[in-house]
Amino acid sequence: MNTELTSEPTSVLITGANKGLGLETARRLGELNWTVFLGSRDAARGQAAADKLTAGGARVIMVPLDVTSDESVAEAVRLVREHTDRLDVLVNNAGTPGKILHPAEATADEIHSVYDTNVYGPVRVTKAFLPLLQAAQQPRVVMVSSGGGSFAVVTDPAQPVSQMHELAYSSSKAALNMLTVRYAQAFPDIKFNVATPGEIANRKFAATDMNHHTGQLTVTEGTDSIVRLATLGADGPTGIFVDRLGPAAW
Ligand SMILES: NC(=O)c1ccc[n+]([C@@H]2O[C@H](COP(=O)([O-])OP(=O)(O)OC[C@H]3O[C@@H](n4cnc5c(N)ncnc54)[C@H](OP(=O)(O)O)[C@@H]3O)[C@@H](O)[C@H]2O)c1
């Protein structure tokens with residue numbers, strides 16, 4: 001896989017970048033001298049995160065962005081357009097686990113609220129930023145999914161997730177995987193790929209608030225797959241699913 005970086009100035013928007021894997025992705029891409037649009041649904045927490053990265057020398061612009069709101073997404077496009085007429089990379093990272101309810105307890109409303117963030121969120125943001133992405137020379141979209149969205153993983157009895165009974169989160173990430181494949185097919189000039197932050201073979205995930213810091217990987221390790229796909233070279237792949245060790249099974 002060609003991961004050679006372009007020498008052109010590069011811009012990236014990351015959703016849910018006020019903490020966790022989104023923030024670490026922002027830090028790492030900021031270190032590469034990229035312009036980082038740091039999305040955060042809470043402006044104050046987003047600004048505090050952006051200020052820390054800026055103090056370290058990165059070029060970071062905080063973008064208030066709630067992926068469940070069409071108005072917020074439209075306002076984010078307006079703000080980004082004040083700074084640039086093209087966007088090289090979009091990282092759809094914002095996500096929620098929901099309440100992790102047993103299928104006996106799960107309701108359509110609860111599932112809908114998880115889909116609003118994990119499925120419709122990336123659709124809202126991707127659609128709204130398409131014109132800016134299409135204005136870039138080598139646009140890339142990274143969807144942050146999960147091993148839990150993989151049929152191969154969920155049906156493997158050796159994987160702990162196969163014993164975890166819930167509907168919303170895993171099916172939302174499976175939907176995100178399929179959306180990514182369909183986007184990749186529809187837009188051959190944009191690289192659309194899926195990253196899962198963990199190491200599927202080793203049943204490891206990254207310690208963040210989402211899992212009450214029970215993960216075995218650091219956020220830096222957890223973002224290896226995201227950064228790899230964000231920095232793909234011109235002849236890199238589209239429509240693939242990877243973890244930090246390599247290709248992941250759908
Ligand atoms: N940690 C792992 O190993 C792991 C494994 C598989 C998949 N993932 C995926 O990785 C992504 C990042 O998760 P994380 O582990 O870094 O968890 P995290 O620390 O809880 O971060 C989640 C981020 O998403 C944001 N968010 C949630 N709902 C949002 C909304 N409606 N609009 C905008 N932002 C929203 C959160 O904002 P607030 O701070 O405002 O809540 C937060 O910034 C998620 O998509 C998750 O499903 C993580």
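## Around the ligand

In this predicted model, helix α1 (residues 20–31) gives the largest share of the shell around the ligand, with three residues. Which residues come nearest to the ligand? Of the 31 residues around it, the answer is Gly16, Gly20, Gly95, Phe205 and Thr208.

What is that shell made of, by class? Sort its residues and you get 17 polar, nine nonpolar and five charged.

## Two helices side by side

Now look at helix α3 (residues 70–81) and helix α5 (residues 120–134). They pack at an angle of about 25 degrees, and their axes are 10 Å apart. Angles under 35 degrees count as roughly parallel, so α3 is roughly parallel to α5. The crossing of α3 past α5 is right-handed.

Which residues meet there? From α3 you have Asp70, Val73, Ala74, Val77 and Val80, and from α5 you have Arg124, Val125, Ala128, Phe129 and Leu132. By class, this contact has eight nonpolar residues, two charged ones and no polar ones.

## A pair of histidines with positive phi

Most residues other than glycine have a negative phi. His212 has a positive one, near 55 degrees, and phi of His213 is positive too, near 60 degrees.

Where do you find them? His212 is in the loop between β6 (191–195) and α8 (219–222), and His213 lies in the loop between β6 and α8 as well.

Are they buried or exposed? His212 has 8 within 10 Å, so His212 is exposed. His213 has 9 within 10 Å, so His213 is exposed too.

Terms used
Residues are numbered from 1 along each chain as its sequence is written. This is a predicted model: local features need pLDDT of at least 70, side-chain atom pairs count only at pLDDT 80 or more; totals for chains, interfaces and linings use all residues. Axes are lines fitted to C-alpha atoms, for helices over the stretch in contact, and angles run from 0 to 180 degrees between N-to-C directions. Helices (H or I, at least four residues) and strands (E, at least two) are DSSP runs, numbered from the N terminus. Angles under 35 degrees count as roughly parallel, over 145 as roughly antiparallel, 65 to 115 as roughly perpendicular and the rest as oblique. A crossing is left-handed if the near helix is turned anticlockwise from the far one by less than a right angle, and right-handed if clockwise. Two residues are in contact if their C-beta atoms, placed from the backbone, lie within 7 Å. Ala, Val, Leu, Ile, Met, Phe, Trp, Tyr, Cys and Pro count as nonpolar, Asp, Glu, Lys and Arg as charged, and the others, Gly among them, as polar. A residue is near a molecule or strand if its C-beta atom, placed from the backbone, lies within 6 Å of it. A residue is buried if 20 or more other C-beta atoms lie within 10 Å of its own, exposed if 12 or fewer, and partly exposed in between; C-beta atoms are placed from the backbone.
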